[in-house]
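The sequence and structure are shown first.

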Amino acid sequence: MMKTILKFKISAFLIMGMILASCNNNQNQNQHVATAFKDSTVVSTVASSVPTPVSVPGPMAGTVMTKEYVYQMGKQMYFWGWPLVNMHNRVLVMRQVPEPGLNGGAVPVAPVGQLCMLADYITPAERYVACPNQDVVYGFGIGILNESPVVLQIPDFGNRFWLVQMVNQRTDGIGGLGAMYGSKSGFYMIVGPDWKDETPQGITEVIHSNTNMVVIIPRAFMNNTPEDKAAIQPLISQVMMYPVAQFDGKMKTTDWTKAPSFPDANKSGSGQEVAFVIPEKFFDEFPAILQEVPALPGEEALYGLFNSIMEAANKDKDLKAALVKAAVDAEKELIEPLRQFKNVGVPVGNYWNTTKNGAAFGTDYLSRTAAARTNIFVNQPVETIYYNQDFDGEGKELNGKGNYTITFRKEELPAVKGFWSLTVYDEHHFFYQNPEKIYSLGTKNKDLKLNGDGSLTIYLQNKKPEGDKASNWLPIPTAKFGFLLRAYWPEESMVKDYTPPAVMVAK
């Protein structure tokens, strides 16, 4: 893992030096984003009221900068800003959506300030967020809080597991809303960093975001049975989001089974995730990011440095060309390798990796960008733990030319209060589409067969096994693949110290 990271040539010492310098000087201061939208003149107003940090300046104005210097720093800026630009460009797409509905009949989308819910599991056609799961009914929405705070409706889910993931523009989690938090049915208002107004009567709780952009992803667990798919509909019909001006204290409803479908102008023909970061356009968008997202304590010097380079590049076309080349090279050399599970997270044994600070990255820029590239919108550890796998127990890359098993001893089964699942992904981190339409196994499956000693064996192979093994079968592609073990509402034992069993080559 360490050798791989070193190959990326990320100048971690340079970034750390800038952060430390800021802290020492400021101790007292706490392929395309939709071809259809590439020529859009829509301007995001995510944080027009948030000033650029100037308390710690960058280099002296007018300082000479060589192309080589700008190129090297451009790689750092690209790596640092990749998740934030990704989020910024998702807003531009949502601004084109006429009403809540399904993009390409698969992905929930909605105008800014609203959300859309699916009425069933997400389909394999989805290409907007890598590593989806088929355990929950998803929703998705984006709020731009300096335009308007939003109100999120939550019904009474009873004993059903549910969670509303909320992340800021840095992809860090905010608030806590879901079964593991003991949250109740009601109306939750989400506000930005500059909000100072009165709270409307009838609001259950006010949740504060430290960026004006917030992504809202509700999800509710659903068993893979016709009965539960019917039972969940009246509940999710009450999951809605709207600007605070529309709040009247009454629970609104929408029949999400009737959500309209829109043509998908952003379709990724390559099978990869839709590209929301375009290297050639990155540094045209980057200055807006420095305005939208306030510096964290200790980042003031970093912002000053980045702004000084942008100012110089805007005055010199050769320096601007050096930045563009840096972005193109960084995408290939630094970002693309992070699409492999083996290059992401912390090793925990048996060739499994996990992200221990998901959605709580702060200034851990490596983990933040790695998560954004491999599976953006990860949850906080108290909500979900993820374990990634690219290898068998002998350290050889998984390949569908062979058959595999993974056996959880009785005491190794994921300890959760919510649910767990094991999902197979193709090389692009999307569902392996197979005739059986089986993409994952776990809590949702009521026909899994335990072994006589209480252990559970999952069979990963191309062809359906015979007999009792069939219910424990996960189809795999005939080429390279990986999979992910996710545990929602994990017990403390899983958060602190858990190693999934090794993946064994079937004899």
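## Basis of the description

Helices (H or I, at least four residues) and strands (E, at least two) are DSSP runs, numbered from the N terminus. The model is predicted: local features need pLDDT of at least 70, side-chain atom pairs count only at pLDDT 80 or more, and totals for chains, interfaces and linings use all residues. Residues are numbered from 1 along each chain as its sequence is written, and side-chain values use heavy atoms, with hydrogens and water left out.

## The largest cavity

A cavity is a set of points on a 1 Å grid over the protein atoms alone where a 1.4 Å probe fits but cannot get out; lining residues have an atom within 4 Å of a point. Grid points are joined across faces, edges and corners, and a volume is the space filled by probe spheres set on the points. The largest cavity has a volume of about 350 Å³. Its lining comprises 29 residues, of which V129, Y138, F140, I217 and F377 are the closest to the centre.

Two or more lining residues come from each of α3 (67-94), β2 (107-109), β4 (136-144), β9 (213-221) and β20 (482-490). The most, 4 residues, are given by β4.

Strands pair if DSSP finds at least two bridges between them. β15 runs antiparallel to β18 (residues 456-461), joined by 5 bridges, and I406 stands opposite I458 in β18. With β21 (residues 504-505), β15 pairs in the antiparallel sense over 2 bridges; the bridge partner of T405 there is M504.

Technical notes. 1 Å grid on protein atoms, 1.4 Å probe; cavity = no way out; pocket = protein on both sides within 12 Å on 5 of 7 lines; lining within 4 Å.
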